[in-house]
Amino acid sequence: MPQFQLRRRGPLVPTLIILAVIVLAVTLAATVWTDVLWFDSVGFTKVFWVENLTKAGLFVVCGLITAAVVASSLLIGYRTRPVYPPVSEEQQNLDHYRELLEPLRKLATIAAPAILGLFAGSAGASQWQTFLLWVNRVPFGSKDAQYNMDIGFFVFTLPWLRFIVGFLTMVLLLGVLAAAVTHYVYGGLQLQTKGERTTKAARIHLSLLLAALVLVRAGSWWLDRYSLTTKDSRLITGLTYTDQHAVMPTKAILAVAAVMCAALFVATIWTHSWRLPVVGVIALAVVAIVAGGIYPAMVQSFKVKPSEQSLEAPFIDRNIKATRTAYGLDAAKVTEYKALTTPSRGQLRNDTTSIPGIRLVDPSVVSPTFKQLQAVKNYYQFPDALDVDRYTIDGKTRDTVVAVRELDLEGLQASQRNWVNDHTVFTHGFGLVAAYGNRSGEDGQPVFYQQNIPPVGPLGAFEPRIYFGESSPAYSIAGGPAAGPKRELDYPNSSATGQANNTYAGKGGVNIGNFFRKAAYALKYRELKIMLSDTVNADSRLLDHRTPRERVERVAPWLTLDGNSYPAVVDGRVQWIVDGYTTSANYPYSRMQQIDSATTDSLTARTTSVQALQAGQVNYIRNSVKATVDAFDGSVKLYAWDEKDPLLKAWSKAFGGTVRPLSAISSDQMSHLRYPEDLFKVQRSLMTKYHVTDPGAFYGGQDYWAVPDDPTQEQKTVDQPPYYLSIAMPGVTSPSFSLTTTFKPQGDRPVLSGFMAVDANAGNVAGKKRAGYGALRLLELPKDTTVKGPGQVQNDIESSNTTSSRFTLTLSQFLNNNRTQGSQVTLGNQLTLPVGGGLLYVEPIYVSAKTGSSFPLARAIVVAFGNQLAWSDTLSGALDGLFGGSSGADTGDSPTPAKTTTPVPGAKGTGTAAPSAALKAALADVQKAFTDGQEALKVGDFTAYGAAQKRLQAAIADAVAAAPSGSVTLPAPTATGTAPVPTPKPTATR
């Protein structure tokens, strides 16, 4: 026989494997270390260690238990194998497999438990929040209606018990399978013999494992009785008549039967027979099918269905009460509102305080306008949907549309894009821009009161640099010696270099001055330049995880965050405010809600800066935390907002010291806190059904509502978003900053059925919420009256033949002409207000050219009341037209004109010579361009109006050039192209 010598393996493969393991380990270590450094930089290292140690502990415990059970089954099965396997055809066939398995047996005995342990450990680690809630549980202080147990048992304890039962079921199944296979392969278990099929050792081993498995199933059936409190059905969430009278007793019977079956498995140790446990399992299966399936179905079909309304009434009542409590609807004040539908002269006289609060500037439309007028450079940007806030200007609280001027690296030219510029030069945005919410300039532009670079306005001196924002780059490296070169672009100016530079002096980010930290971040971001660049020095700080939502998510992973964070100037700093929710899907009898669909509307569908809540089902929600992120140094603060919330109490115990008390909120901070949008969306979604509190009416469903589709959007199958504005609800003496929504009947009738508002004004007292904050008020319209809904009003707008004193066209002609003559018409938010004894609709209309650099300008305001409609270029004009020539209210939206002083040369008292021929011609051109512009404006031809404005500017320039020095004076233009708005000294918001 020829002899073959096996070639010895070279060192290459083992070396590569070792190197790969080292690289993986170093990369993992760098990731963990940089995370520790980040958490330390924001002062939340406790969150990192509690979360990760809990995950690690659960991983180890669950992994070890699984591995131990599987490994013990394999070892016991092998070590108790018969010394001489029975002689049979079956065993002769298995001899071949035993020979094949023997070389791998030891490896399999280690590898199989280890791999299964890894999977089980990962499953256990994923339950870290469930475990922490159980460990830190607190009582709710109220009991459920069925078991008379504290609700905390269902919210905190029951989920953990369900996990333990599910985990043990999986582990024991794996153990049974491992034991059965091993005993079969090595002869302890025979399937084809006519004699005894198991050895004594195999019988004891398998019977104990199966008994444990059946006992765990008994525990599962017993817990199922409590889980029925959150069972979701067609009608309600929670127990129904069938559940209480058929399913609950069946679950108890099955649990007792399973205990008896487990005893039969243990008895095989002495009976030497599997007959009794097999009979027990068959009997258990029969009971599960008959008592667990057939009997409840018969009760439902023959008992419940014929009398469902009366039999389910107590359970519907239980569901209504629990749902309204769990979602904060129980304190809603419901009022019948008999809305008038005929406008009359002076009808708004009693609403003079509400009308000025009508927000005419749509924050979801004017972002391009802000960008064109206030971005200044292409490397700055504004979000696609701006925010609404309140500031006190000249002693009056003003609803304001605000936005932060953030960095936009995509706006740089390709030649400017390199690592140094992207990460060390262009590091931050600059400033906050604010415009009055209820004003427009004569040209349709927003009226800015805080604007320009550097910032000019009544908000006073504040830190304008935005290092942490919604559009910040993934990471920037900033900072350096105070006497060193200033590398960061601060803002553009008119100097010789065209820019002012800056060196970051904040404490945000992580210092990366030493070699090891540079190396760690170079590994994390796969970027060697972090170690090699001379822009990185001993004082450099790396800023990462920079968006407000991400920073709050990392320090408070137990919160569900609102989809819209917003900026505010607070105590001299720009602060991002993020609302945090504690949620649960285990509140007994409360209706389950898919929160992602409930918070999706036309705004989340068309913008990126406003998002729906993350997908998931909940049946309990509280706005428990207000979080802030400093835009300059990135510091994160969590404030307890609902200090009575048991979930917040539990999480505060788990992460002690991370949540500050309500009393720590300053007065300036309090004045900018508001009722969150996503919570209101969830509440209004539930209110479509749960405004009905009578079980019989709820069962019939005849009075169910729906949220109207947004009629101003082309895609008319998405909900209309709620709107912030200052209004006084009927019965309330003064207006308050509120969040509002409308309802229509469920089905095809687009009429209005209800109007709801929540008081969103938190007040301005340090550490104390205003008394009326969070008050829900629902106006129900009588069923025998018809008030047009948003869709019907929009249809009237699109087809209206109404003319205006300011335009020669009808409204429909105005819209159609602009759409067909090269302009783009954008419909603004359709606001609804309960004023004048009825419902007033207000909708701004924006027009822009269809060019890349165009931006929308407010050109008309449409108002509707009852069956009548009016429109004009101002709200006051539209309301006067609607209410018989005088609405009786001051709207506060008078246009802010551009002030241009042009003394006529040669006139008496000017002391100048008579105008030259060139000056006369220029002045004639000015008059002609102005007249042409006004005529174009009357017919709604904004293309011609724009051309006339360009000719007007050129003619004015010619007049200035032709006039003697000083005879024609024009104020310096602002960034908006209009005269600057007065900037009085701000006062504290009251």
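The request concerns strand β32: is this strand buried or exposed, and which strands pair with it?

Analyst: This is a predicted model, in which local features need pLDDT of at least 70 and side-chain atom pairs count only at pLDDT 80 or more, while totals for chains, interfaces and linings use all residues. Residues are numbered from 1 along each chain as its sequence is written, and side-chain values use heavy atoms, with hydrogens and water left out.

Strand β32 covers residues 857-865, and nine of its nine residues are buried, so the strand is largely enclosed by the rest of the structure. Buried means under 20% relative accessible area, exposed means over 50%, and partly exposed lies in between, with a 1.4 Å probe and protein chains only. Strands (E, at least two residues) and helices (H or I, at least four residues) are DSSP runs, numbered from the N terminus.

Strand β32 has pairing partners in β31 and in β33; two strands pair if DSSP finds at least two bridges between them. Strand β31 (residues 840-849) pairs with β32 in the antiparallel sense over eight bridges, and within this pairing V847 has L857 of β32 as its bridge partner. The pairing of β32 with β33 (residues 868-872) is likewise antiparallel and runs over five bridges. Here V862 stands opposite W871 in β33. Two residues separate β32 from β33 in a hairpin, and G866 in the turn has a positive phi of about 65°.

Three bridges join β7 (residues 432-440) to β8 in the antiparallel sense, and A435 has F448 in β8 as its bridge partner. Contact means heavy atoms within 4.5 Å.

Apart from its neighbours within four places in sequence, V42 is in contact with R551, V555 and G634. V42 and G509 are 467 residues apart in sequence, yet 8.1 Å apart in space, C-alpha to C-alpha.

Charged side chains supply a further kind of link. Across the whole structure there are 30 salt bridges, each being a side-chain nitrogen of Lys or Arg within 4 Å of a carboxyl oxygen of Asp or Glu. One of them joins D601 and K681 at 2.9 Å, N to O. D601 lies in the loop between α15 (595-598) and α16 (602-606) and K681 in helix α19 (residues 677-690), so the pair ties together parts that are 80 residues apart in sequence. Both D601 and K681 are buried.

Another salt bridge is that of R951 with D932, where the closest N and O atoms are 3.0 Å apart. This pair links distant parts of the chain, with R951 in helix α25 (residues 942-962) and D932 in helix α24 (residues 917-938), 19 residues apart. R951 is partly exposed at a relative accessible area of 41%, and D932 is partly exposed at 23%.

The side chains of R417 and E410 also meet in a salt bridge, at 3.9 Å from N to O. R417 counts as partly exposed at 31% relative accessibility, whereas E410 is exposed at 64% relative accessible area. Finally, R162, D224 and K251 are linked in a network of salt bridges.

To return to the part requested, β32 is buried at nine of nine residues, with antiparallel pairing to β31 and to β33.
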